[in-house]
Amino acid sequence: MGSFAQFHKRSIADRDNFWAEQAKTIDWQTPPQHICDYSNPPFAKWFVGGTTNLCHNAVDRHLKDRGDQAALIFVSTETEQEKTYTYKDLHLEVQRMAAILQSFGVVKGDRVLIYMPMIAEASFAMLACARIGAIHSVVFGGFASHSLATRIEDASPKVIISADAGSRGGKVVAYKPLLDEAISLSSHKPKAVLMVDRHLSEFAKVDGRDFDYAQEREKHLNAQVPCEMVESTHPSYTLYTSGTTGKPKGVQRDTGGYAVALASSIPNIFQGKPGETFFCTSDIGWVVGHSYIIYGPLIGGMATILYEGLPIRPDGGIWWSLVEKYKVSVMFSAPTAIRVLKKQDPALLTKYNLSSLKALFLAGEPLDEPTAKWISEGLGGTPIIDNYWQTETGWPILTICNGVEKAPSKFGSPGKAVYGYDVKLVDDQTGEELTGANQKGVLTIEGPLPPGNLQTVWGDDARFVNTYWKTVPNKMVYSTFDWAVRDEDGYFFILGRTDDVINVAGHRLGTREIEESISSHPNIAEVAVVGVADQLKGQVAMAFAIAKDASALGDATACLKLEGEVMKVVDSQLGAVARPSRVLFVSALPKTRSGKLLRRAIQAVCEKRDPGDLTTMDDPMALKQIQDVLG
């Protein structure tokens, strides 16, 4: 295959021939006639004229050679269930679900909203939609009614698929009341609601609208539903970005480009092979769950683990026990989860046979160096590979593509630009490209975006253009809204959101830079830094930290001592200009359910403003703690 540098260069310089080769990794009913139509920038159409189906590529095409192989492994430590579905089993269940949807009148192009916990039926629902050409929109299970209502309003689904409840840490979260309220709040009313009754929570049924999945499934046990072959550019799904203000942005994904991108990424990025097992600990409500719990591993002929539960229940070794039991070769998680495991008994990391594991991939938020080192050492040198991407891109922008050419990781860096991505660092003032090493700029991608990236914002092309694209000298670029630097070796380091930049007396500081420095103190487990308005300096940095050993913070004097130590660390690493005005200690930080820090909410509390929409927050008490320590 040659070097990765050559591989990447060809993906940009000889784009159409490169992607024509990658397109051969999936099945097409009609081969593409035109690889990339970029006649109307920034809208890119990939594999024009080709017809295919996501479900066919994820399930049906594997029946001949691996029908009896494990495809979906459902594990719930919440309900103590564990069940393996072969490709044949999955094929049957998806057809049954597809037949149910068709009985409700769902046809190609209709939307189906999926509001479910991490159960096997959720994957059947996603694949069934893809099978019949319907467009699914998965909403994270347990989202509050108002957030769910805005997504129902925007997607206008013909059918909603849900469950009575989810469970988290042994606590039942009833979904049906939230769903009923959301439907009442939305002007759009679905034709039918299909309910999976897990017998976790009693719920009221709406006559004529609500249907029981088990009863409907019985009617379609022998269903034979062929795959609806669709144009490559046909939308496969919409997924709403979290943390949006006003109307949520529905990221619209195509079919053919997405299938090719995922099929290519499994061997080239994740080193996955048919017959192996992929364990992604995300949730299907997020893009990582779409790409690397459901579609990617199955398209790659792998078994995929669908896990419902916490990483520390029944104990902090549960994930590693699954790696051993199912001989997981590729694992994908988030830095937040690893920081949670950091507080558990370190012996749990060496209790299980993890020899099948080729690498642990981490994404979702920047990976701090102390956490990366801790898990790398704990797993006995298993490669820890950071990767950086977005809901909008659908697959990694930056990482190490060890499937193309082995390369070392650098702690604190997600790696280099992935093939297909023409990544540029741009000066935010002049729009000029920054080509030198260690120059700080906005991370952008020159159009066209590669296959698998968003086509547009659902129902709002103008918003797609106005939100993401800007014209810099002689080119259109997509903005990630993230600051970054690139070192002499081409490795990128993400410094934080462009809107998380702190301007202290004219000095521009990325919150990530300060957080990284504070995290290097031996008694700091986690930290969030925000810029707070200051009359003298414009802004000052305020830090909220979780101590590894909280017993050392028994009184105010001890807190001030640790605060002073942390400030000295920042002084020595970044200089006094980056020193936070305060470092205050809490036991939890406000985050979304997907593990992203709610920096804007923290900032609002510090500035005594309304923190705004907090429906995605996991633990409301975390924000109250910040209010309390501020006094």
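# A quick tour of the fold

In this predicted model, strand β5 is the top contributor to the lining of the second largest pocket, giving four residues. Elsewhere, eight strands line up in an open sheet with mixed pairing, and the largest nonpolar core takes in 117 residues.

**Pockets and cavities**

- Rolling a probe the size of a water molecule over the atoms shows where empty space is left.
- The second largest pocket has a volume of about 420 Å³.
- Its lining is made up of 20 residues, and Q81, Y85, E121, V196 and D197 are the closest to the pocket's centre.
- Besides β5 (81–86), the elements that give two or more residues to this lining are α6 and α9 (213–218).
- As for cavities, the count comes to four of 30 Å³ or more.
- The largest cavity holds about 80 Å³ of space.
- Around that largest cavity sit 13 lining residues, with A44, W46, L449, N453 and L454 nearest its centre.

**The eight-stranded sheet**

- Reading across the open sheet, the strand order is β12-β11-β8-β6-β7-β14-β15-β25.
- At the edges you'll find β12 (210–212) and β25 (456–457); each has a single partner strand, so one side of each has no neighbour in the sheet.
- Strands of a sheet pair through backbone hydrogen bonds, either parallel or antiparallel.
- Strand β6 (residues 111–116) pairs in the parallel sense with β8 (residues 159–163) over four bridges, and V112 stands opposite V159 there.
- β6 is also joined to β7 (residues 135–140), again running parallel, by six bridges; R111 has I135 as its bridge partner in β7.
- In a regular strand the side chains alternate between the two faces of the sheet.
- For β6, both faces are covered: R111, L113 and Y115 are buried on one side, with V112, I114 and M116 buried on the other.
- That makes six of the six residues of β6 buried, so the strand is largely enclosed by the rest of the structure.

- Helix α7 (residues 145–155) is mostly covered, with eight of its 11 residues buried.
- Those buried residues are S145, S147, L148, A149, R151, I152, D154 and A155.
- They pack against β6, β7, β8, α8 and β14 (237–240).
- S156 follows α7 and has a positive phi, near 45 degrees.
- The C-alpha atoms of I183 and A149 are separated by 6.2 Å, although the two residues are 34 residues apart along the chain.
- Leaving out residues up to four places away in sequence, I183 touches I152, I160, H188, K189, P190, V193 and R209.

**The nonpolar cores**

- Within the largest nonpolar core, the residues with the most contacts are L127, Y292, Y295, F332 and Y419.
- Which helix gives the most to this core? Helix α6 (residues 120–132) does, with 10 residues.
- Another core, of 28 residues, lies apart from the largest one, and F279, I305, L322 and L379 are among its members.

**Helix α14**

- Helix α14 (residues 369–378) has these buried residues: T371, A372, I375, S376 and G378.
- Why do they line one face of the helix? Seen down the axis of α14, they fall within an arc of 165 degrees, so they line one face.
- The cover over them includes α12 (318–325), α13 (335–341), β19 (359–362) and β20 (384–386).
- Just after α14 comes G380, with a positive phi of about 65 degrees.

**An antiparallel pair: β23 and β24**

- Strand β23 (residues 423–426) has both faces covered, with V423 and L425 buried on one side and K424 and V426 buried on the other.
- β23 pairs with β24 (residues 441–446) in the antiparallel sense over four bridges.
- In that pair, V426 stands opposite V442 of β24.

Methods. Residues numbered from 1 in each chain as written. Predicted model: local features only at pLDDT ≥ 70, side-chain atom pairs only at ≥ 80, totals over all residues. Heavy atoms only, no water. Buried < 20%, exposed > 50% of the residue type's maximum accessible area, 1.4 Å probe, protein only. Arc of directions from axis to C-beta. Contact = heavy atoms within 4.5 Å. Pairing = 2+ DSSP bridges. Core = buried A, V, L, I, M, F, W, Y, C linked by side-chain atoms within 4.5 Å. 1 Å grid on protein atoms, 1.4 Å probe; cavity = no way out; pocket = protein on both sides within 12 Å on 5 of 7 lines; lining within 4 Å. Points joined across faces, edges and corners; volume = space filled by probe spheres on them.
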